[in-house]
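Trainee: Hi! Could you walk me through this one while I have it open?
Mentor: Happy to, let's take a look together.

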Amino acid sequence: MRFRGLKILLLAVTAAAVLFLLCGAVKTLGMDRWVDFDVYRITGCDRTSIIYDGQSDVVTRLHGVQDRTWVSISELQPSTVYAFISAEDARFFEHEGVDVIRIAGAIVADIKAGSYVQGASTISQQLIKLSHLTSEKTISRKAEEAALAYEMERQYSKEDILEMYLNYVYFGGGYYGIEAAAEGYFGVHASDLTLDQSAMLAGILKSPSGYAPHINYAASINRRNNILRLMQDYGYITDDEKKQAAAKRPTILHDKREYYSGYYTDAVTKSAAALLGITVDELIRGGYSVYSAMDSDIQHYCEEMFKNGELFPAEDSEAAIVVLEPSTGMVVAMVGGRSYTGGISFNRATDIRRQPGSVIKPVIAYAPAFEYLNYTAADMILDEETTFADYTPSNYGNKYYGWVTVREAVTKSLNVPAVKTLSAVGVDRAKDFAERCGIEFDDKDDSLALALGGFTYGVSPLQIAGAYSCFASGGTYNTPTLIKKITDRNGLTVYEYRQDSRRVMSEANAYILTSMLKSVVTEGTGHRLNTLDIPIAGKTGTVGLANGNRDAWMAGYTPEYTAVVWQGYDSDRLGLLPSSATGGTYPALMLYELFNHIYPDGRSGDFEKPESVKQYSIDAKTLKKQHKAVLANAMTPQSSRVTEYFTEETAPEDVSGYWAVPGSAQNLLAVREEGGVMVSFDCPDDFGMYTLWRSEAGKAEKPLMTWNGREGHIEYIDAAVKSGKGYRYRVTVKHEELLIDDKPVEGLTTRYAFVPAGLGTSSSSTNE
C-alpha cells in the first residue's frame, strides 16, 4: 500500500517536472508562436505569367518583383540536380530534414570561433526559412526551422522538396527559380542547362550579390569551379567532365533578353484579367500562360510602319491599326499609337471613340438596305441636294451626279444617296443591324446623320474592323478576340475561346456588297490599293472641318485578313490633319504597305461567290434613261452592257427593248392646206430617228427633217410646195446607235403619201 502511494507520488512529481520543462521550453523557445507548416507558402509564391503568340512562341513575360517560372524536377538534367546537392546539401537524400552530422560539425566550428560562423541548414531547412520564417539566428528560430523541415519531409518526397526549392530560391538579377535564372543569364530553358551553367547557378545561391555573374563574373567562375570539384569528389562527374566544364566561359545575357512589350500585349493583359475576373496585378503574379492570336510577323511589321514618317501627314499626328482574321475574329496585330510608353499605355486601337465618316456607310446604310429592302447594286438613287426635315447633307465639294446606281454611290462615296438609303431603311432598324456587327451607339444617336458618321462619341478601329469582317466572312460576325486559351500555374485550362459567331446578313448580299467595295479600290476613293493586284475590298472615310480634317479612315479586307487604319489627333486642341490628308491618302498608303507585306508574291484567294449569286448583263442605256435595271438583249452592243451581280430574288426579268430594229412611222397623212402641205405621223419607238422625205416629178427625193422618236406624234408644214404640182411623202427610220457593219440599222419605210396638184389629201399607214 505504501509502495503504491510512493509510485503515485513519483509519477506526479515526474509529470510536474515534464510539465515544468515543457512550459519552460514553450516560453524559452517561443513555441507558442511557431507557425504551422503550410505548403502554399511555397507553391503559392508569385509566378511569372507568359504571353504566347499564335504559333505558341513566347512573346513576353509578365511579373512583379519576382520573375519566376515553375518547372518540374523531372525536366531537369541529372547534372543540374547534382550541382545543387553538391553545393548546398550533400546528404540531402539521406537525412530527414535535419542533418545531425552536419549540425555537429557546425557546432564545433561555431564554438571554436565563439560565434555563428558556419551554418548547417539542409535544403529543406533553407526552403522553410525562405518561405515560413525570418532570417534571424536564434535558438528558437533554428528549432522552429528544424521542426518545420521535419514536418515537410514527412509529407513530401525528396523530389518534391527539391523541385519546390529550385523553383523558390533567388538567383540574383531579379530571377526567382531556376527557369527564370536559366533564361535570364543564359537564354536557355532550365531543362537545357549544361554542366558548367548548372554549377554556376548553384554557386549563386550562397550569395546572390557576391556570385551573380552579371555582378562579379570572376567570382562567379571561381565559385562554379569549386562546385565542379565537389561534384567530382562526390562522384557525380568525372575529372575530364570537370575540366571541360571549368574551361568554359559562358556568355551572360542579363538585361539583354529581348521580350516584346507593346500595345498588343497590353491589350492581351487587360483582356485576360477581365476574362478571369481578376486584377492585372493578380494576373502578372499568378503564373498564367496566355495563348494569344498574335501573328508576330504582321505585328512587328505594323510597328515598323508606325516608325516610318512618310506614312503620316505630320510628325505629331497619331494613328492606330487593327488586323484580324474575319473567319475567326482573331486579332493578329494591333498598334495603338506611334510611341509606346510602357506600362498599360493608352491604346487608340481599342480605346478611342472617333467619328467614322464615310467608312460607316456600308455598315449603317447599304448593308441593311440589301438585307431588309432587297436593294441591289444596280438600283438607282437620285443624287441631288435634298433636305430631310431639318437636315440637309451635301456631297464633297457640293458636286451632285443626278441618277446614280448604288454601286456608283459607294464607289464615289456620295453622301446624299447614303442618307437617302438610311432614311429608306429607318434609323432604328439600321442601328440594330450595325449593333449586331459590333458597333456601339449612344442613346442620342438617332438621326440620319449616322449615315455620314455623325455619332455622339464615335467608334474604335477595333469595332470597325469587326464590322467589316462581317462582309469578308460572308455575312457572319465573329466577335474579335486576342486570346485563344489561358492555363493556370498548374497547367489547367481556365479559359478557352469558343467562337462567338452570328449571321448578320446573307452570304449572297455580303458577296455583292464586297463586290461594290472592290469597286472602291479599283476605281474609287481607295484606288491606292489597286496596284496590289490582289482581290481586295475597302472603304475610306474622312471627317472634315473648315480648316482641316479631324479623322481619316480606311478599312480594307481580303478573304484572309481585315485591316483598319485611323489617323488623326487625340483632340482638336492638339491639331488637325491637313485637308489633303483623307482616308484615301495616308491610311490607304499604310494599308497598301501592309497588304503588300502580307502578300509579297501578289497571291491571294478571291472571295468565293455563292451559288445563289449570278452575274447578269444589264442594258446601261435603259438604266440611264429609265433608271431601271433590265437585261441586255441579243442586239445590245458591248459598249452598252454592264455586268452586275444579283441574287435569285432580285435578278431583273424584263429585257431591254432599246436595242432593236425601230418600228416604221404610223398613220402617215399629207394634206394640202393654204400655205403648204401639212404632214403628220406617229413615231412608235423613242430610240428611232424618223426622217420625212419629199419627191416630185423630175426631181430627186430630198429629206425635209428628222425627229427623235421620243416626240411621239409629228406635225410638219411643208411650205416650199407649189399649188400647181403634185408631191409624195414617205418616212424612213433608223437606229443611229445600233450598228451593223458600221452602219445604223434601218427599219421599214412607210408607203408614199401622195398630194396631187391643187387641194387634196393622201395617207399611208402601211410600209414598203
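Mentor: Let's begin with a definition: rings of Phe, Tyr and Trp (its six-membered ring) pair if their centres lie within 6.5 Å. Keep in mind that this is a predicted model.

Trainee: Okay, how many aromatic pairs does that rule give?
Mentor: The count comes to 24 aromatic pairs. One of them joins Tyr 658 and Trp 659, with 4.8 Å centre to centre and 80 degrees between the planes.

Trainee: What do we call the arrangement of Tyr 658 and Trp 659?
Mentor: That aromatic pair is edge-to-face, because planes over 60 degrees apart count as edge-to-face.

Trainee: And are Tyr 658 and Trp 659 buried or exposed?
Mentor: Tyr 658 counts as buried at 10% relative accessibility, and Trp 659 is buried too, with a relative accessible area of 3%. The cut-off for buried is under 20%.

Trainee: Which residues do ring pairs link into a cluster?
Mentor: Look at Tyr 468, Phe 471, Tyr 557 and Phe 607, which ring pairs link into a cluster.

Trainee: What about charges, which ring does Arg 338 lie over?
Mentor: Arg 338 lies over the face of Phe 312, 3.7 Å from the ring centre. Arg 728 lies over the face of Tyr 752, at 4.0 Å from the ring centre.

Trainee: Switching to strands, what is the order in the open sheet?
Mentor: The order is β2-β1-β3-β9-β10, an open sheet of 5 strands with mixed pairing. β2 (58-62) and β10 (493-496) stand at the edges with a single partner strand each, so one side of each has no neighbour in the sheet. On average, neighbouring strands are turned by 15 degrees against each other, direction ignored.

Trainee: In which sense do β1 and β2 pair?
Mentor: Antiparallel, over 4 bridges, with β1 covering residues 49-52. Within that pairing, Ile 51 has Thr 60 of β2 as its bridge partner.

Trainee: Which helix packs on the sheet?
Mentor: That's α13 (residues 263-276), which touches β1, β2, β3 (289-292), β9 (483-487) and β10. The direction of α13 makes about 60 degrees with that of β9.

Trainee: Last topic, α5. Why is α5 described as largely enclosed?
Mentor: Of the 10 residues of α5 (residues 123-132), 8 are buried, so the helix is largely enclosed by the rest of the structure. The buried ones include Ile 123, Leu 127, Ile 128 and His 132.

Trainee: What covers the buried residues of α5?
Mentor: The cover includes α2 (40-43), α3 (78-88), α6 (139-155) and α7 (158-168).

Technical notes: Residues are numbered from 1 along each chain as its sequence is written. This is a predicted model: local features need pLDDT of at least 70, side-chain atom pairs count only at pLDDT 80 or more; totals for chains, interfaces and linings use all residues. Side-chain values use heavy atoms; hydrogens and water are left out. Buried means under 20% relative accessible area, exposed over 50%, partly exposed in between (1.4 Å probe, protein chains only). Helices (H or I, at least four residues) and strands (E, at least two) are DSSP runs, numbered from the N terminus. Contact means heavy atoms within 4.5 Å. Two strands pair if DSSP finds at least two bridges between them. Axes are lines fitted to C-alpha atoms, for helices over the stretch in contact, and angles run from 0 to 180 degrees between N-to-C directions. Rings of Phe, Tyr and Trp (its six-membered ring) pair if their centres lie within 6.5 Å; planes under 30 degrees apart count as stacked, over 60 as edge-to-face and the rest as tilted. A charge sits over a ring if NZ of Lys or CZ of Arg is within 6 Å of the ring centre and within 35 degrees of the ring normal.
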